Amino acid sequence: MTMFLRSVSAEFAKIFTTRLWWILAIVLFGYIGLLAGGLAALFAGIQTGVISPDAVNTGGGPTDFGSLPPLIYSFASSVGYVFPVLLGALATTGEFRHQTLTPTFLATPRRGLVLGAKTVTLVLIGAGFGVVALAASVGIGGGVLSAFGVDALLQGAETWLLVARTLLAMGLWAAIGVGLGALVPNQVASIVIVLAFTQFVEPLLRLAASFLEVTAKIGNFLPGAASDALVGASVFTMASPAGTAPLDWWQGGLVLLGYALIATVIGYAVSWKRDVT
Amino acid sequence: MSTGAVIEFTSISKRFGGVAAVKDLSFTVEPGRVTGFLGPNGAGKTTSLRILLGLVAASSGTATFGGVRYRDLPHPLKTVGAALEAASFHPGRTARDHLGVYAIAAGLPRTRVMEVLTLVGLAAHAAQRVGGYSLGMRQRLGLAYALLGDPGVLVLDEPINGLDPEGIRWIRGFLRDMAAEGRTVLVSSHLLSEVQQSVDDVVIIARGELVHLGPLSSLDTDAAPQTIVESPDREALAAALTAAGITFSIGRTGLLAATGDPALLGHLAFTAGVELSVLHRQKAGLEDSFLALVGGGHTL
Ligand SMILES: Nc1ncnc2c1ncn2[C@@H]1O[C@H](COP(=O)(O)OP(=O)(O)O)[C@@H](O)[C@H]1O
Ligand SMILES: [Mg+2]
């Protein structure tokens with residue numbers, strides 16, 4: 001146990017002694033802040049009639065987007081999730097790329113324990129990224145909503161549940177990143193997969209799957225859909241035409257956890273326990 | 001410091017796909033001595049050392065420290081310090097943070113980090129990112145990592161590569177001091193001349209196989225004696241040597257015959273009616289013995 005805790009603190013030290021984490025955190029904050037703030041202004045403007053609907057081509061009458069705050073706040077995970085995945089994948093592939101597996105395994109020869117420690121570390125730091133992303137979506141997005149006179153629902157238990165589930169989702173995404181990094185140790189390939197899948201492949205798959213009921217049910221198990229189900233709100237679920245119910249929040253959490261575990265276990269076998277030459 | 005343990009390789013073999021990198025290698029390394037692990041590039045030194053350290057899985061055989069496999073050591077860094085050939089650093093991390101990470105993992109006091117950096121002469125560069133380090137500084141940092149746990153056993157893969165002359169002098173003294181304190185010191189090199197001033201014992205491998213084992217002085221026994229022989233009629237001389245089954249190469253001052261017996265050559269020439277202009281035995285140096293053992297020279 002002490003060996004595991006030492007390994008966890010060493011993994012924390014690895015992350016915080018290089019610049020990547022704060023660069024990603026700053027970009028995450030700026031990106032989510034802009035998106036949540038901008039869209040909060042747009043939607044709240046339309047809802048309250050400050051912005052004329054004609055100006056944005058929705059055609060006639062004040063439009064109701066449902067409850068705006070959860071939608072805006074969920075940008076933290078529904079858009080920000082790529083950041084913990086990247087951090088996790090880079091933390092793992094960096095060990096291969098810079099050959100730091102050698103000193104790591106010399107100091108801690110129990111390789112499974114090291115991978116476990118890395119996963120636990122990244123889950124916690126991923127949740128930390130969740131805090132950063134929520135500071136942007138709730139702080140900036142909520143501020144803009146209030147400025148438009150829309151209730152930011154900061155008193156509501158629903159909002160704080162969403163916050164807690166977002167932290168969990170961001171932590172699980174970082175674990176998926178660790179697993180992916182072990183599965184695809186080539187750093188460039190790993191980054192390309194993360195970006196292509198999260199920014200392009202999955203959104204298209206979710207959209208395509210949403211048109212038929214059968215495929216929509218399968219589409220619910222895509223990692224991004226599972227994550228949105230866990231958090232409980234997202235622009236993507238709002239846009240679903242077939243109207244299939246998403247997974248329950250806990251099911252979504254288990255599906256995400258499943259992806260993380262499968263990637264990590266297979267990654268352990270295909271790269272982590274192999275010869276370090 | 002923990003006491004030096006005996007390193008024991010027992011019938012180690014390793015195949016990488018179709019390549020047999022190490023073949024049935026067995027030897028022991030004693031504490032209190034510096035053992036040179038020698039062989040040309042590609043001989044299998046790094047592979048053997050990585051097997052010893054549990055980084056590469058042997059196809060068969062075992063390698064242990066005092067009978068215990070590396071991965072079963074209760075305190076690996078306090079027992080064995082290793083510096084391997086490859087530069088294993090994150091370029092964006094400072095030397096101090098690099099060592100700090102592994103000090104945490106091994107449960108060593110953080111004060112040890114500056115101690116070892118001072119020991120290897122890197123204290124002034126402790127806060128510098130390793131990406132800006134020269135090859136020699138990286139070698140020193142690798143050595144600092146090996147020393148973190150003040151181990152009784154040191155395993156160093158080509159530690160002299162990339163060091164400046166001052167660094168080479170320093171590391172030679174350092175290796176001797178470590179052994180004098182009773183530690184086990186195993187140091188690899190592809191050049192005997194690099195380590196011959198500091199090693200007590202040599203283990204020589206070539207093409208993955210053990211070819212020689214013993215004290216450094218055992219290399220002095222003329223393992224590959226040579227005699228220089230020359231004649232005004234070199235072709236006739238060469239024909240006579242070939243007929244007698246003596247291999248030779250063409251040297252600067254004559255033919256280098258692979259025998260330590262000048263009288264035999266004199267007799268051969270006499271019976272073949274070949275006039276000799278030069279005939280003298282060449283005493284092989286350590287390096288020649290080494291090259292002969294690993295098959296690097298003395299062939300036509
Ligand atoms: N990861 C690997 N995959 C395939 N072949 C390897 C690998 N590592 C080493 N080899 C081969 O094993 C042999 C021994 O290499 P090595 O142990 O590095 O020798 P040395 O350290 O003595 O120069 C070489 O033929 C090398 O090409
Ligand atoms: Mg080597």
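Chain B contains 10 helices and 13 strands, where helices (H or I, at least four residues) and strands (E, at least two) are DSSP runs numbered from the N terminus. The structure is a predicted model, in which local features need pLDDT of at least 70 and side-chain atom pairs count only at pLDDT 80 or more, while totals for chains, interfaces and linings use all residues. Residues are numbered from 1 along each chain as its sequence is written, chains are lettered from A and ligands numbered from 1 in the order in which they are written, and side-chain values use heavy atoms, with hydrogens and water left out.

Taken along the principal axes, the C-alpha atoms of chain B fill a box of roughly 80 × 40 × 35 Å. The domain assignment of this chain gives domain 1 (7-219) and domain 2 (226-283); such bounds come from an automatic or database domain assignment. The centres of domain 1 and domain 2 of chain B, taken over C-alpha atoms, are separated by 45 Å. Of the 300 residues of chain B, 51% count as buried, where buried means under 20% relative accessible area, exposed over 50%, and partly exposed in between (1.4 Å probe, protein chains only). The accessible surface of chain B comes to about 12500 Å², of which 54% belongs to carbon and sulfur atoms. Accessible areas come from the Shrake-Rupley method with a 1.4 Å probe, and for residues only the protein chains shown count as cover. Among contacts in chain B with a separation of 6 or more, 68% are between residues 24 or more positions apart, a contact being heavy atoms within 4.5 Å.

After α4(B) comes G121(B), with a positive phi near 80°.

Two further residues of chain B can be set side by side. T64(B) belongs to strand β4 (residues 60-65) of chain B and counts as buried, at 11% relative accessibility. Apart from neighbours within four places in sequence, T64(B) is in contact with V6(B), I7(B), E8(B), L52(B) and R69(B). A180(B), in turn, lies in helix α6 (residues 165-180) of chain B and counts as exposed, at 68% relative accessibility. The C-alpha atoms of A180(B) and V34(B) are separated by 9.0 Å, although these residues are 146 residues apart along the chain.

On chain A, a nonpolar patch on the surface is formed by F200(A), V201(A), L204(A), L205(A), L207(A), F211(A), L212(A) and V214(A), with about 800 Å² of accessible area together. Patches are made of residues with over 30% relative accessible area and no salt bridge, with like charges joined within 9 Å and nonpolar side chains (Val, Leu, Ile, Met, Phe, Trp, Tyr) within 5 Å. Helix α9 (residues 187-209) of chain A gives the largest share of the patch, 5 residues. L204(A) is found in this helix and is partly exposed, with a relative accessible area of 47%.

Charged pairs come next. Side chains of opposite charge can pair when their charged atoms come close. A salt bridge is a side-chain nitrogen of Lys or Arg within 4 Å of a carboxyl oxygen of Asp or Glu, and the count comes to 16 salt bridges over all chains. In chain A, the side chains of K217(A) and E213(A) meet in a salt bridge (3.5 Å, N to O). K217(A) and E213(A) are separated by about one helical turn, because they are 4 residues apart in helix α10 (residues 213-219) of chain A. K217(A) is partly exposed, at 46% relative accessible area, whereas E213(A) counts as exposed, at 54% relative accessibility. E11(A), K14(A), E95(A) and K118(A) are linked in a network of salt bridges.

D275(A) forms a salt bridge with K14(B), the closest N and O atoms being 2.7 Å apart. D275(A) lies in the segment after α13 (249-272) of chain A and K14(B) in strand β1 (residues 7-16) of chain B, so this pair joins two chains. D275(A) is partly exposed, with a relative accessible area of 29%, while K14(B) is buried, with 8%. In chain B, the side chains of E230(B) and R234(B) meet in a salt bridge (2.9 Å, N to O); E230(B) is buried, with a relative accessible area of 15%, and R234(B) is partly exposed, with 30%.
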